[in-house]
Amino acid sequence: MERFAELLDRLVLTPSRNGKLRLIIDYFSTVPDPDRGYGLAGLTGGLDFPAIKPAMLRTLVMERVDPVLFDYSYDYVGDLAETVSLIWPSRGGGTAAPTLSEVVRRLAQASRSDAPAVMGGLLDDLSPSGRFAAIKLATGGLRVGVSARLTKQALAAFGEVDVHEIEELWHGLAPPYEPFFAWLEKRGPRPQNAALAPFRPVMLAHAVAEADFSTIRSEDYAAEWKWDGIRVQAVNQGGVRRLYSRTGDDISGAFPDLLEAMDFEGALDGELLVGDPQQRTGTFSDLQQRLNRKTVSRTMLRDYPVFMRCYDALTLDKRDIRALPYVERRELLEAFVSRLSPERFDLSPNIAFATLEELDEKRCNPLHPVIEGVMLKRKDSPYLPGRPKGPWFKWKRDPYTVDAVLMYAQRGHGKRSSFYSDYTFGVWSGPPEDPVLVPVGKAYFGFTDEELRQLDKYVRENTIERFGPVRAVRADRNHGLVLEVAFEGLQRSTRHKSGVAMRFPRISRLRWDKPAHEADRLETLEAMLPPS
Amino acid sequence: MNARQLLRSRPEGLYCPSGDFFIDPVRPVERALITHGHSDHARAGHGAVMATRETLDIMGLRYGTGFAGRMQEARLGETVTVNGVRVTFHPAGHVLGSAQISVEANGLRIVASGDYKRSRDPTCAAFEPITCDVFITEATFGLPVFTHPDPAHEISQLLTSLKQFPERTHIVGAYSLGKAQRVIALLREAGYGETIYIHGALARLCAYYEETGVPLGPLQPATVEGKADAPPAGAIVVAPPSAMDDRWSRRFADPLSCFASGWMRIRQRVRQRGVELPLIISDHADWDELTASIRDTGASEVWVTHGREEALVRWCELNGISARPLHLAGYEDEAE
């Protein structure tokens, strides 16, 4: 358990992706079976202990600790799980701390009635950081900034295999994954995926670069709109229905409405969107209402119904069609989709175009606000896993930009720990003769290393107040640094004072030349909001 | 004589009226007894200073030899009479030269702990519990959530990280008197024989520790005036905490910031400081050491000072020991 606890503590504090990968690979390389397998299950959200409830922790600790001392401590620490893990009376020495497998076994066997005793017994046997990890594991949500995808990438690097192989196998595997690790370590055969309706790795597109235009001949490519939803794969095999995210996470549970309509045999590739394909396509923020939920209420299903806009097929009626060229797959898909429920499925239409100029014109003036660009797909290309260069391109609409004023800067992490590298910026609001800045977003990339040095110097020389790692920077009508901020879209937000939230904001230019009072006003941003 | 006649708090610090001296005064006074060399306890400009040899030397290094009018060395365990008050210095285990001060008159003994810890430290003499009537304890980590792990375990985490990230310079933030030398000594005990690079602010104190017989192994300045070459990638650099976030640290290869402090027990404090590798190594007693020490002294009354007084006072009440907070101004948290 100690190694797993240490891994979690390191992961949460390691900002860089490569650093996290290295820590996870090191864990898989040095921790024996079956512990590492349960560690893997913990990282990918594959463990669930329904008998353990967060509320029992408080009761348990109160039976052991003076309530006044507990309150002083909780006030200071600010997190219940952490306070409990630290204040829990240590039994001191004697028995060896239980392994992760032992912890998982005890938690899994707990019934609702003996769960408090099981949890109490575990906390007695563990160190403070072991207790913290056990509580997080037992109550769900490790929150260490590691996605299932990143963990699979670590496994791929560890076993020197392609990540698609892992994604393809994943749903047939179960903790503690011993045959799987044996295969990764070249000690055993590749596990056979016996599960029905497995995930198949998806085909991804490259962003089109200026140099690509000289090699793209318009007659070789078909075009489709790029819709702003999430990529999904809908699979039904012999009645087993699964909806997967683009990385192979099973998200079926959150979309019973779509699952119910998946009365076909095959694997379809498309965009998950909110609305009714015949009437209305909802925005990404509508879709967000439905994302990352384990269960979904009836109101949610009514107000935010989902549908799938299909653009490809991997299998149809038990036939694997990935080797067929795009145009042939597309013909089969068109006929197939016409037989499906029109409320839940439609076909991503092709865009007619003769020249790239004509397509560019359409890209810049899309016929629908939920379109974020166009896709170019080579007519003769088979369906290939991963991101092959050439057959598929995405050509996104140009980003929105706004001129904002730097308001706060926060110190970065790792390489940037001595730099103020995370910037909160605002735009003007209120009466024009006496405007105030309201924060509208935060960005921490988009600038060069040299620009970072200039920004850091500016922050240090214009600090007016400090709050821990954050500095408030002088920003008023006559003095302030204007940042040109690029972003992909805007949505209404009740969490931000300004009422708007940006998607994917980054600093596109430093406007040393522009006076602060000439930065944009909030009204400019509000005009960019999609119609509600 | 009651205890408050023997020692009481005054704006300058803890004062003994019959002996006419202060313990760790925060302003210049005529006669000062100093527990240890940290700058919030040991200030320059007193008329007379009594302290251990090491503390006097450390004050001399920090403030210059004329830091006080007169200096008197206190030998550990030897009782000296100051205006009729019996004064004895005993080891406190905090940093090199640190002492508790026992003050005794008319059959009443008060021990002022200064800062102290109980866990093993290869760089200074270990704390000795002194039987007394009143124990004045520090309370820097006076909450039951503060439990310091074995420092050897923390050092092993640092060495593991060095293996995992051999291309990154590990900068360890450590207070320049005591913590820095302890971290270095612990690294040596763990078998780390490479050159350790130190910030300029540590140089004189590290040299002094070596002179007094605390071996620190090969040390090199981390930065040399006018020279651009930084320590090799994968080196350990020890620096005062303030230097870590400073532009000073930019010259190192992809620095990985480590911080050796008891505060690193609390995740929020770790995140606030932007630390990637927290090392829970403290020169102050943790909760269990504080409560054990109160018991060990057999004191019937406890005065709790600088830190989180209320929790320790509560613990004393629960354990039938009379206790009160003693408000003394001017002392800082460890390494903050």
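1. Start with one helix pair in chain A. Helix α7 (residues 100-109) of chain A packs against helix α8 (residues 115-125) of chain A at an angle of about 165 degrees, and their axes lie 9 Å apart. Helices here (H or I, at least four residues) and strands (E, at least two) are DSSP runs, numbered from the N terminus. Axes are lines fitted to C-alpha atoms, for helices over the stretch in contact; angles run from 0 to 180 degrees between N-to-C directions. The two helices, α7(A) and α8(A), are therefore roughly antiparallel to each other. The classes are as follows: under 35 degrees is roughly parallel, over 145 roughly antiparallel, 65 to 115 roughly perpendicular, and the rest oblique.

2. A note on provenance and numbering. This is a predicted model, in which local features need pLDDT of at least 70 and side-chain atom pairs count only at pLDDT 80 or more, while totals for chains, interfaces and linings use all residues. Residues are numbered from 1 along each chain as its sequence is written, chains are lettered from A and ligands numbered from 1 in the order in which they are written, and side-chain values use heavy atoms, with hydrogens and water left out.

3. Back to the α7(A) and α8(A) pair. Their crossing is right-handed. The convention: a crossing is left-handed if the near helix is turned anticlockwise from the far one by less than a right angle, and right-handed if clockwise. From α7(A), the contact uses V103(A), R106(A) and L107(A); from α8(A), it uses V118(A), M119(A), G121(A), L122(A) and D125(A). Contact means heavy atoms within 4.5 Å. By class, the residues of this contact are 5 nonpolar, 1 polar and 2 charged. Ala, Val, Leu, Ile, Met, Phe, Trp, Tyr, Cys and Pro count as nonpolar, Asp, Glu, Lys and Arg as charged, and the others, Gly among them, as polar.

4. Chain B has a helix pair with another geometry to check. Helix α3 (residues 151-164) of chain B meets helix α4 (residues 179-189) of chain B at an angle of about 75 degrees, with axes 10 Å apart. That makes α3(B) roughly perpendicular to α4(B). P151(B), I155(B), L158(B) and L159(B) of α3(B) make the contact with R182(B), V183(B), L186(B) and L187(B) of α4(B). The count is 7 nonpolar, no polar and 1 charged.

5. A further pair in chain B: helix α8 (residues 287-297) and helix α9 (residues 309-318) pack at an angle of about 45 degrees, their axes 11 Å apart. α8(B) and α9(B) are therefore oblique to each other. The crossing of α8(B) and α9(B) is right-handed. On the α8(B) side, W287(B), L290(B), T291(B), I294(B) and R295(B) take part; on the α9(B) side, A311(B), L312(B), W315(B) and C316(B). This contact has 7 nonpolar, 1 polar and 1 charged residues.

6. C316(B) turns up again in the surroundings of A323(B). A323(B) lies in strand β19 (residues 322-325) of chain B. Leaving aside its neighbours within four places in sequence, A323(B) touches V302(B), V313(B) and C316(B).

7. Now the interface. Chain B contributes 41 residues and chain A 34 residues. The two chains bury about 3400 Å² between them, 54% of it on carbon and sulfur atoms. Buried area is the accessible area (1.4 Å probe) that two parts lose on being put together, summed over both. In chain B, R250(B), R267(B) and E276(B) lose the most area to chain A, together 21% of what that side buries.

8. Charge pairs. There are 5 salt bridges between chain B and chain A. A salt bridge is a side-chain nitrogen of Lys or Arg within 4 Å of a carboxyl oxygen of Asp or Glu. R250(B) pairs with D456(A) in a salt bridge, at 2.6 Å from N to O. Over all chains the structure holds 65 salt bridges. K152(A) and D249(A) form a salt bridge, with the closest N and O atoms 3.5 Å apart. K152(A) is in helix α10 (residues 148-159) of chain A and D249(A) in the loop between β4 (240-245) and α13 (256-261) of chain A, so this pair ties together parts 97 residues apart in sequence.

9. Backbone points to inspect in chain A. D33(A) and P34(A) are joined by a cis peptide bond, with omega about -5 degrees. P34(A) sits in the loop between α2 (17-30) and α3 (35-43) of chain A. A cis peptide bond also joins P175(A) and P176(A), with omega about 0 degrees. P176(A) is in the loop between α11 (163-170) and α12 (178-184) of chain A. E160(A) is not a glycine, yet has a positive phi of about 50 degrees. Its place is the loop between α10 and α11 of chain A.
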